[in-house]
Amino acid sequence: MHALTPEQYQRLRRLAEAWTATHLRESKSLPQFNPLLAADALCFQCYRLPEHGEQLVGALVTPVSLWLVMLPDRADAPRPEVGERCMLTLPSGRYPMEAVALGDEVVCWRLVLLDDLTDVASRQDASRLAQRLMERVMTREAAASSPPEPQE
């Protein structure tokens with residue numbers, strides 16, 4: 001595993017900013033909104049997929065949910081069509097992903113893994129949760145137990 005480039009970190013920052021610009025206002029009215037959290041792209045790493053090429057795979061924590069996210073590692077890579085579906089194969093199993101738009105600039109693949117983070121006490125706790133989740137989905141031993149159940 002190699003370190004991400006400054007450009008890739010920039011893409012991840014834009015991903016979190018795009019979620020905030022697109023969803024924060026409406027999310028504040030949801031019962032599962034956690035005001036202690038903010039959108040943050042965490043634990044991303046480059047992952048080569050035969051059907052999609054180089055991708056950044058990681059977690060997007062928001063004030064309402066935690067997503068497994070995949071997006072092209074370069075800004076000039078082809079973007080998926082919104083609503084398109086694919087299967088992301090990771091060491092722990094296969095995950096159904098859907099392409100979603102976050103504003104006009106960002107399109108990513110996502111799977112909502114947790115749709116209620118009200119019991120998460122801080123951004124640090126959210127970061128630890130994302131780290132544990134990504135360790136689980138990126139580890140082959142996790143395949144012996146069932147992968148996290150997607151929530152919609």
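Tutor: Let us start with C46, which counts as buried at 16% relative accessibility; buried means under 20% relative accessible area, exposed over 50%, and partly exposed in between, with a 1.4 Å probe and protein chains only. Please note that this is a predicted model, in which local features need pLDDT of at least 70, side-chain atom pairs count only at pLDDT 80 or more, and totals for chains, interfaces and linings use all residues. Residues are numbered from 1 along each chain as its sequence is written, and side-chain values use heavy atoms, with hydrogens and water left out.

Student: How many disulfides does the structure hold?

Tutor: It holds zero disulfides, a disulfide being a pair of cysteine sulfur atoms within 2.5 Å. For C46, the nearest cysteine sulfur is that of C43, 14 Å away.

Student: And C108, buried or exposed?

Tutor: C108 counts as buried, at 0% relative accessibility.

Student: Changing topic: how do β1 and β2 pair?

Tutor: Strand β1 (residues 40-49) and strand β2 (residues 53-61) pair in the antiparallel sense over eight bridges. Two strands pair if DSSP finds at least two bridges between them. Helices (H or I, at least four residues) and strands (E, at least two) are DSSP runs, numbered from the N terminus. The two strands form a hairpin with three residues between them, and the bridge partner of L49 in β2 is G53.

Student: What about D40, where does it lie?

Tutor: D40 lies in strand β1 and is partly exposed, with a relative accessible area of 28%. Not counting residues up to four places away in sequence, D40 touches A16, A59, L60, V61 and R123, where contact means heavy atoms within 4.5 Å.

Student: Now the helix. What does α1 look like?

Tutor: Helix α1 (residues 6-27) has 22 residues and reaches 30 Å from its first C-alpha to its last, close to the 32 Å expected; the expected span is 1.5 Å times one less than the number of residues. The helix bends by about 40 degrees at A21, the bend being the angle between axes fitted to the seven residues ending there and the seven starting there.

Student: Which elements do its buried residues pack against?

Tutor: The buried residues of α1 pack against β1, β2, β3 (66-72), β5 (93-102) and β6 (106-114). Among those buried residues are L12, L15, A16 and W19.
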